Amino acid sequence: MIIRNNVSVKHLNSFGIDQVVERLIEIQDESDLHYLDLNEDYLVLGGGSNILLTKKVNRPLVLMRNLGREILIEKEDSVLVKIGAGEIWHEVVMWAVNERFGGIENLALIPGRSGAAPMQNIGAYGVEIKDVLHTVYAFDKASGTRVAFHNSECDFAYRMSNFKTIWKDRYVITQIVLSLTKPGYHKINTSYGAIKSELEKKGIDTPNIKHVADTVVDIRKAKLPDPQVIGNAGSFFKNPIIDAEQYNELSTRYPDIVAYPSGQQYKLAAGWLIDQCGWRGYASDKQTGTYKNQALVIVNYGKAKGQDILTFSQEVQKSVKEKFGVSLEPEVNIW
Ligand code: FAD
Ligand code: NAP
């Protein structure tokens with residue numbers, strides 16, 4: 001465990017919001033958590049790529065940096081691997097691909113650490129971590145004990161889990177166990193977004209997991225802003241899910257609306273709604289706005305404060321509500 005005092009968090013959150021925290025506790029081994037004072041409140045962070053700091057962090061910041069990639073059980077068709085919460089998620093994806101373990105290749109280049117992945121059930125290109133997540137190990141701040149949750153106990157849904165709702169702030173995720181496929185049993189998923197057309201451009205008709213991961217990396221690099229260059233936390237809002245009646249009404253008014261069936265309902269592309277309100281590429285005098293290639297990504301052009309970004313996000317919500325009658329809900333954790 002490393003403890004530092006009066007540390008700037010500018011490089012610890014992908015929006016690049018600057019402030020100084022009085023105490024920063026870097027967890028390098030799960031056992032370090034037992035030294036925490038359980039009567040104290042903490043803010044736990046991985047890579048800081050899904051948080052907007054709008055006010056002073058008036059409690060110690062716990063940074064999860066415990067590593068580890070362990071094969072627990074290997075069968076003919078699958079393998080169970082235990083990953084430390086502090087492992088960089090993208091490095092885990094590329095490690096799995098190199099080991100020829102399948103199931104997370106579509107989740108390449110998502111920023112952040114592995115321990116945060118179950119929080120919002122990270123997803124991209126038609127795959128969510130819940131599809132491969134076996135168990136989540138966590139430290140219970142209330143009792144100081146180690147607990148394990150099977151996938152079925154976490155109530156995973158679209159960008160959602162119990163860790164973000166009823167269990168919020170109670171558990172520190174320490175490891176995740178993934179169930180990955182072995183060669184001959186991979187389920188290649190190229191049906192989503194631009195993956196198929198990109199593979200076609202590369203002349204690949206029977207892609208393997210490495211082709212998929214590399215293609216996702218290429219698409220993401222071309223489309224999304226690099227937080228090292230422009231502060232952002234990816235999609236600021238969730239894609240709203242609306243009922244069929246509202247969808248029919250909207251698609252009559254806006255025949256180009258981008259929507260996908262989601263059970264009996266419809267998922268609207270929030271980026272399209274924001275774009276239609278004229279916000280794509282916008283830059284305010286407070287140095288906030290939306291990214292030129294994807295209006296769903298709210299950015300910090302450099303000097304925006306957390307509160308400026310929050311206020312701007314509320315303007316976006318208001319205009320989408322006025323034009324389409326649709327409410328946008330933040331996906332980013334607002335502190
Ligand atoms: P943090 O921002 O550090 O934390 C997020 C939340 O989880 C906070 O509330 C924090 O308190 C809590 N937390 C973090 N670690 C732990 C832990 N070990 N135990 C308990 N609580 C914890 N997300 C997607 O789902 N799909 C995408 O495709 C995607 N693309 C992105 C692209 C860009 C350019 C960016 C900047 C972000 C993107 N995101 C995406 C959002 C983000 O990368 C993910 O949600 C990621 O899992 C966050 O990881 P993190 O370690 O940075 O979490
Ligand atoms: P995109 O491909 O331009 O698609 C726009 C939206 O349409 C996406 O949000 C996606 O929903 C939905 N979509 C596309 N194809 C679909 C299909 N075949 N079936 C159902 N829904 C479909 O999106 P993008 O911005 O470039 O992002 C690509 C992927 O990376 C998406 O899965 C997106 O979620 C993910 N991503 C997430 C974040 C984040 O911070 N959460 C940031 C960047 C990218 P879904 O979002 O539900 O997948």
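This is a predicted model: local features need pLDDT of at least 70, side-chain atom pairs count only at pLDDT 80 or more; totals for chains, interfaces and linings use all residues.
Colleague: Which side chains bring a polar atom to an oxygen atom of ligand 2?
Modeller: Asparagine 239 places a polar side-chain atom 2.8 Å from an oxygen atom of ligand 2, and lysine 267 places one 2.7 Å from an oxygen atom of that ligand. Both values lie within the 3.5 Å cut-off, and therefore both pairs are polar contacts.

Colleague: What makes a residue one of those around ligand 2, and which come nearest?
Modeller: A residue belongs there if one of its heavy atoms lies within 4 Å of the ligand; there are 17 such residues, and Arg159, Tyr192, Lys267, Gln294 and Glu331 come nearest. By class, this shell has six nonpolar, six polar and five charged residues, while α3 (209-223) and β13 each supply at least two of its members.

Colleague: How do you know which atoms of the protein make polar contacts with ligand 1?
Modeller: A backbone N or O atom of glycine 46 lies 2.7 Å from an oxygen atom of ligand 1, a backbone N or O atom of asparagine 50 lies 2.8 Å from an oxygen atom of the ligand, and a polar side-chain atom of arginine 220 lies 2.7 Å from a nitrogen atom. Taken alone, ligand 1 exposes 980 Å², and the protein buries 93% of that. Two or more residues of the shell around ligand 1 come from each of β3 (43-45), β8 (123-124), β12 (171-181) and β13.

Colleague: How many residues stand around ligand 1, and how do they divide by class?
Modeller: There are 31 residues around ligand 1, with Val44, Gly46, Gly47, Ser49 and Arg220 coming nearest, and the shell divides into 16 nonpolar, 12 polar and three charged residues.

Colleague: What makes β13 and β18 paired strands, and in which sense do they pair?
Modeller: Two strands pair if there are at least two bridges between them; β13 and β18 (residues 297-300) have three, so they count as a pair, in the antiparallel sense. Serine 235 stands opposite valine 297 in β18. These strands belong to an open sheet of three, in the order β13-β18-β17.

Colleague: Why are β13 and β17 said to stand at the edges?
Modeller: β13 (231-235) and β17 (288-290) each have a single partner strand, so one side of each is left without a neighbour in the sheet. Helix α6 (residues 306-324) lies across β17 and β18, and runs at about 40 degrees to β17.

Colleague: Which strands form the open sheet of five, and what is their order?
Modeller: The order is β6-β7-β12-β10-β11, with antiparallel pairing. β6 (69-74) and β11 (145-150) are the edge strands, because each has a single partner. Neighbouring strands of this sheet are turned by 20 degrees against each other on average, direction ignored.

Colleague: How many bridges join β10 and β12?
Modeller: β10 (residues 133-140) and β12 are joined by seven bridges in the antiparallel sense; the requirement is at least two, so they pair. In β12, isoleucine 176 is the bridge partner of valine 136.

Technical notes
Residues are numbered from 1 along each chain as its sequence is written. Chains are lettered from A and ligands numbered from 1 in the order in which they are written. Side-chain values use heavy atoms; hydrogens and water are left out. Helices (H or I, at least four residues) and strands (E, at least two) are DSSP runs, numbered from the N terminus. Contact means heavy atoms within 4.5 Å. Axes are lines fitted to C-alpha atoms, for helices over the stretch in contact, and angles run from 0 to 180 degrees between N-to-C directions. A polar contact is a pair of N or O atoms within 3.5 Å; within protein, one must be able to donate a hydrogen and the other to accept it, and residues adjacent in sequence count only if both atoms are side-chain atoms. Ala, Val, Leu, Ile, Met, Phe, Trp, Tyr, Cys and Pro count as nonpolar, Asp, Glu, Lys and Arg as charged, and the others, Gly among them, as polar. Accessible areas come from the Shrake-Rupley method with a 1.4 Å probe; for residues, only the protein chains shown count as cover.
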